[in-house]
Amino acid sequence: MRALVLEAAKTPFRLTTMPDPVAAPGEAVARVMACGSGLTIQHVKAGRQQIPFPRVIGHEIAGEIVEVGAGVTGLAVGDPVTVHFYLFCGHCRHCLAGLEPLCENLQGQVGKACDGGYAEYLKLPARNFVRLPEGLDYKAHPAEAAVIADALATPYKVLRRGRVRAGDFVAVFGAGGGVGIHQVMMAKWAGARVIAVDIARDKLGACRAAGAEHVVDGAEANLVEALIDLTGGRGLDVAIDYVSSGATLDSAARALGARGRLVTLGGTGLNSQIALDALRQAEKELLSSRYVSRAEIIETLEIVARGEVWPLVTEIRPMEEAEELHELVEAAKVTGRAALTIA
Ligand SMILES: [Zn+2]
């Protein structure tokens, strides 16, 4: 099969041929049609996150099952599928409770601990494949179908973590990013009044198009006051921080109203500090959120299949242009998501 291989961090992709994977018992193989090219995997390519090399990266996948190993049930050749990003065990107490990202026996992630979707075929434990629903035209839109399992499902899960209700004022910090803009979309879908915050002014128009009622330049000197003013003085009900720097966390916490919820995720992974005084005076809550369950992927796929939201994929390239595409991702020049078509 053709595959894009990274031999090491900070090196270009090598488009080469590798042996086709073969499904062992409990595994399945999918033919990959498209794979998302988000910042999560660019972090690996740029060396900001360490993984074993050589590696085929990529975890946002749309494809079709071509082989199932012995003992696999519930998955058949020809099934259209996407992929759960985490290599969870499926039988620990957290997996059984539908909290797969918290698996006690986590074996890493697809495209990091094992080869991922930047290749014609992908072999994984069968439980990692999630069938695409009827009504989702993955053949016409493989790139959009591919990114749902992370770029849209992650925001869907965050709505639950933050207990977002219709009419809530929800601010999204880092709203111009690949997942941030889908968070704007999903919060709007949930009936929230959405405020998009980003320092990238060129992305604020897209945030408005995605459903933001207000857009705010994150570099504004009086950011907290500006956010509170936009809520009519009551403060935010929910702040979702995809930057999660000390500065954004502090602004988000202070702009929350009574019993407001601050959800932190994304960012550089570096330690950030938050002042407790910003939270304690009004029973505000600090929450984190880590990826999604299989059920949350299924639910998000169905929302898309019903036509209620549609992923924003603005750069779709063939495998030969992977390097160029990742340069755009690194330079934050992509609005929404980028993806590769795999053939
Ligand atoms: Zn588990």
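**Helix H3 and its neighbours**

Analyst: Bear in mind that this is a predicted model. Let's start with a packing partner: H3 and helix H4 (residues 180–189) cross at roughly 50 degrees, and their axes come within 9 Å. The crossing of H3 and H4 is right-handed. On the H3 side, the residues that meet H4 are Ala 151, Leu 152, Pro 155, Tyr 156, Val 158 and Leu 159. Their counterparts in H4 are His 182, Gln 183, Met 185, Met 186, Ala 187 and Trp 189.

Then there's helix H9 (residues 294–305), which packs on H3 at an angle of about 105 degrees, with the axes 9 Å apart. So H3 is roughly perpendicular to H9. H3 brings Ile 148, Ala 149, Leu 152, Ala 153, Tyr 156, Lys 157 and Arg 160 to this contact, while H9 supplies Glu 296, Ile 297, Glu 299, Thr 300, Leu 301, Ile 303 and Val 304.

As for H3 itself, 18 of its 20 residues are buried, so the helix is mostly covered. Its 20 residues (142–161) should span 28 Å at 1.5 Å a residue, and the end C-alpha atoms sit 29 Å apart, which agrees. There's also a kink of about 60 degrees in H3, centred on Ile 148, and Ile 148 is one of the residues touching H9. After H3 comes Arg 163, with a positive phi near 50 degrees.

Definitions and conventions: Residues numbered from 1 in each chain as written. Predicted model: local features only at pLDDT ≥ 70, side-chain atom pairs only at ≥ 80, totals over all residues. Heavy atoms only, no water. Helix = DSSP H or I, 4+ residues; strand = E, 2+ residues; numbered from the N terminus. Expected span 1.5 Å × (residues − 1). Bend = angle between axes of the 7 residues up to and from the residue. Buried < 20%, exposed > 50% of the residue type's maximum accessible area, 1.4 Å probe, protein only. Axes fitted to C-alpha atoms, helices over the stretch in contact; angles between N-to-C directions. Left-handed = near helix turned anticlockwise from the far one by under 90°. Contact = heavy atoms within 4.5 Å. Parallel < 35°, antiparallel > 145°, perpendicular 65-115°, else oblique.
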